[in-house]
Amino acid sequence: MRLARFDRMDRSILLSSTLMLLASTFLLFDERVLFKTTLRYTDAPIIAVISSSRNDVRHKQEQEVAWVPATAQEPIHDQDSIFAGKSSQAEVKFLSGGSISVLANSLVTVAAVNQETILNVREGSTSIRLGSNQKIKLKIGSTVSHLTGSGSTVRVTRQKDGKS
């Protein structure tokens with residue numbers, strides 16, 4: 001194909017189409033470019049940080065509607081939710097100590113009230129590692145449990161029917 005056969009308008013359309021194809025291909029592989037600027041500032045305190053994420057991990061602030069791809073070192077505020085999709089996992093470290101692993105196909109909401117961390121396991125599996133003398137309130141549906149200890153690990157699974 002010779003570009004000399006095309007007039008100026010044809011060449012500009014061809015160039016524009018090629019650029020749009022390249023941009024679309026890039027967005028298929030890294031959609032974070034679209035979402036990173038949509039997270040709004042929140043007055044809610046930071047209670048944790050995503051230390052690592054693998055594959056499809058998403059984060060949603062309490063007041064937001066959209067889920068955005070999560071990245072390492074992203075702050076987690078009071079009442080934020082974290083979702084790990086199929087074959088995915090997120091490690092979250094709490095500023096108060098301890099950490100959680102949000103495992104594949106899981107949804108967890110984190111909160112803090114009066115220096116106590118509250119985990120609401122809405123779906124899937126989560127592994128909880130308690131820090132030094134840490135207290136965590138664990139909610140699974142209408143069931144509330146209190147975890148205390150130092151260096152203990154607890155794995156919780158909420159089945160699709162809501163049972164744990």
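Predicted model: local features only at pLDDT ≥ 70, side-chain atom pairs only at ≥ 80, totals over all residues.

User: Which residue in S11 does Ile140 stand opposite, and what makes two strands a pair?

Analyst: Ile140 stands opposite Thr143 in S11. Strands are DSSP runs of E with at least two residues, helices are runs of H or I with at least four, and both are numbered from the N terminus; two strands pair if DSSP finds at least two bridges between them. S10 and S11 form a hairpin with two residues between them, and Gly141 in the turn has a positive phi of about 65°.

User: How do you know that strand S9 pairs with S10?

Analyst: Four bridges join strand S9 (residues 116–129) to S10, in a parallel arrangement, and because at least two are required, the two strands count as paired. Ile118, for instance, has Lys137 of S10 as its bridge partner.

User: Which residues of S10 make up its covered face, and which its uncovered one?

Analyst: Residues are numbered from 1 along each chain as its sequence is written, and side-chain values use heavy atoms, with hydrogens and water left out. The covered face of strand S10 (residues 134–140) holds Gln134, Ile136, Leu138 and Ile140, and the uncovered one Lys135, Lys137 and Lys139. In a regular strand the side chains alternate between the two faces of the sheet.

User: Why is the one aromatic pair called edge-to-face?

Analyst: The structure holds one aromatic pair. The rings of Trp67 and Phe83 have centres 6.3 Å apart and planes at 65°; rings of Phe, Tyr and Trp (its six-membered ring) pair if their centres lie within 6.5 Å, and planes under 30 degrees apart count as stacked, over 60 as edge-to-face and the rest as tilted, so this pair is edge-to-face.

User: Why are Trp67 and Phe83 called partly exposed?

Analyst: Buried means under 20% relative accessible area and exposed over 50%, with partly exposed in between (1.4 Å probe, protein chains only). Trp67 has 28% and Phe83 has 26%, so each counts as partly exposed.

User: What makes Lys60 a charge over the ring of Trp67?

Analyst: Lys60 lies over the face of Trp67, at 5.9 Å from the ring centre, and the label requires NZ of Lys or CZ of Arg within 6 Å of the ring centre and within 35 degrees of the ring normal.
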